[in-house]
Amino acid sequence: MPPGPGRGARDFLTDEEKANRPKVTWPLLKRVFSYLTPYWKQMLVVLGCIIVSSVLGLMPSVLTGRIIDQGLIGRDLRLLILLILLSLGVTLGSNLIGVAENYLNNWIAQHITYDMRNKMYRHLQRMSQSFFTSNNQGDIITRMTSDISGVERVVTSTFTSILSNSITLAAAVIIMFRENWVLALVGTLVVPLFTIPTRWAGKTRWTLTRESQECSDQINGILNETLSVSGQLLVKLFGKEDEEYEKYRAANERMIRLNIRESMAGRWFRVVITTFSSVGPMLLYLVGGILMMKYDSDLTVGDISVLVALLGRMYGPVNSLLNIQVEWIRSMALFTRIFEYYDMPVEIESPPDAIVPERADGSVSFEHVRFSYDGERQILKDVSFDLKAGHSVAIVGPSGSGKSTMINLIPRLYDVTGGRVLFGGNDVRTLDLDFLRDKIGIVSQETYLFNGTIRENLLYAKPDATEAELIDVCKKANIWDFIEKQEQGFESMVGNRGLKLSGGEKQRLSIARVLLKDPALLIFDEATASLDSISESKIQEAIDPIVASRTSILIAHRLSTILAADEILVLRDGQIVERGAHEELVKAGGTYTELYETQFKRALEREQS
Ligand code: ATP
């Protein structure tokens, strides 16, 4: 069947049935209800409220008969007033119970979404790095926000409306048959006629809703990509404003078209329903009149009025119940989407019997490590090296050779696809993940700072750090002079992702943050972007003593950084092609010599000039 808008209604129906059949399974329902069960007591009260208010809601219609027959036709003013007051009282009572039900319902819905949101956030936090690099941020946020908000709607409206409408309908049918079975039969036969327009509207709305959900995801994606700090910069620098605007405008136009079509589908549906709903009462008057006049039935005007009023009360519930099919399917789809996220395996987590060593010496070993992001292209091919505690190693290599990938394997941002990575003598996959990550400090190229004060950013590494500790690490990271000069000192805001700071300041701040964490192993991914020589030497001054005093891995782009390390590993195409000390490597005439001539030497000359 060809996809897209060219599909016929029949095809669509089969497609819909096919798409939805597996969704509403027992395990799915059980799972949905498992989120409701903690609130079963409150739900029982809600059920009670629904039953009482639905039945009470029908009473005024029944009382109408007695008002007409005994009050008006029987000319009994006292009874008339009494019946009117009773009817009003019953209406008020049913509505007040409705208010209580509504409150409780909302309470339950809010608590369920609260539970689900927290669970989702916790789950997403545990997802591996590859999940975030391969999923669109907009999609993830939509799952977190609008899908889970949809659950609130399901609980407050879909579930309760199924219950209250079924109860009202059942009660109305029972009362009608008790009044007069012939008229009740006529009335209930008119009702199924609703199915035709309802099914039509259901189909149309279902397609439109799906399309508009896709469209809204697309719009969110565009906004997230182009209005983010780095996204808008990219757009500006490449002069893509018009192109991006056109993309956004087109998606926006599609959205308004869909919205209009969606609301029109609902409006046409109402036209048909209102026409049908006026046929029912007329039929009852006609059949009732014939029974009274031709068959001498003991039917009264009041009885007919009761039946007409009850029939009027049936349309709403029937209408909703038939429509609920769409709602129901939509709700189940919503839950399925959320559960899909819940079910995504957490690829990287602590093993059940995780090792938590007494202390970590920071040593690292790579044993025949192989790695691939996609299972096809090998990024690391048989990488082996040992870094002893207290020593340091510099990794150099052309761009894309796999340097960042190598260090990502140590804190298990990714897991190896072959071989082993050992930390302190233990395979990282056997260690407790919190322990492992706690012992490793990374100063990455892309220093991530939160939009807050310098102090807040520093304290992220150690919330209970004292003022003296903060000053100490800032001095070590060579950023103290800068902070001291700021009017607000530690309280200065760093701006969105640290944009108010220069590249060098950001990196030194993040060095200070890592020092505060005091890790057993320090990984420093030197920025490739060229900093001015003052910034570079400030970073250098900060890094040198740190490297000398603890186990460290440096991804180096500058000779001064390389020289600070005890050993140099030269990586090329995912393999260590050379290793040793600077003097030997320069003379060897291999990749290192090439890098030295093209990169390091030039950077050194720049630094010195
Ligand atoms: P640079 O010096 O430019 O930072 P690098 O040596 O650190 O480069 P890596 O970032 O490790 O190189 O990348 C090695 C290879 O892996 C590159 O070809 C890159 O395209 C690829 N790669 C990096 N990250 C991912 C990812 N998340 N998914 C798929 N491929 C990736």
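The model is predicted, so local features need pLDDT of at least 70 and side-chain atom pairs count only at pLDDT 80 or more, while totals for chains, interfaces and linings use all residues. Residues are numbered from 1 along each chain as its sequence is written, and side-chain values use heavy atoms, without hydrogens or water.

The protein has 21 helices and 10 strands, counted as DSSP runs (H or I of at least four residues for helices, E of at least two for strands). Its radius of gyration is 36 Å, well over the 25 Å that the globule rule gives for 609 residues, so the protein is more spread out than a compact globule. That radius is taken over C-alpha atoms, and the rule is 2.2 Å times the number of residues to the power 0.38. Along the principal axes, the C-alpha atoms fill a box of roughly 120 × 55 × 50 Å. Of the 609 residues, 45% count as buried, meaning under 20% relative accessible area (1.4 Å probe, protein chains only).

Around the ligand there are 14 residues, of which Ser399, Gly400, Lys403, Ser404 and Thr405 come nearest; a residue belongs here if one of its heavy atoms lies within 4 Å of the ligand. Polar contacts are pairs of N or O atoms within 3.5 Å. A polar side-chain atom of Thr405 lies 2.4 Å from a ligand oxygen atom, and one of Ser404 lies 2.7 Å from an oxygen atom of the ligand. In the side chain of Tyr373, an N or O atom is 3.4 Å from a ligand nitrogen atom.

Technical notes:
A polar contact is a pair of N or O atoms within 3.5 Å; within protein, one must be able to donate a hydrogen and the other to accept it, and residues adjacent in sequence count only if both atoms are side-chain atoms. Buried means under 20% relative accessible area, exposed over 50%, partly exposed in between (1.4 Å probe, protein chains only).
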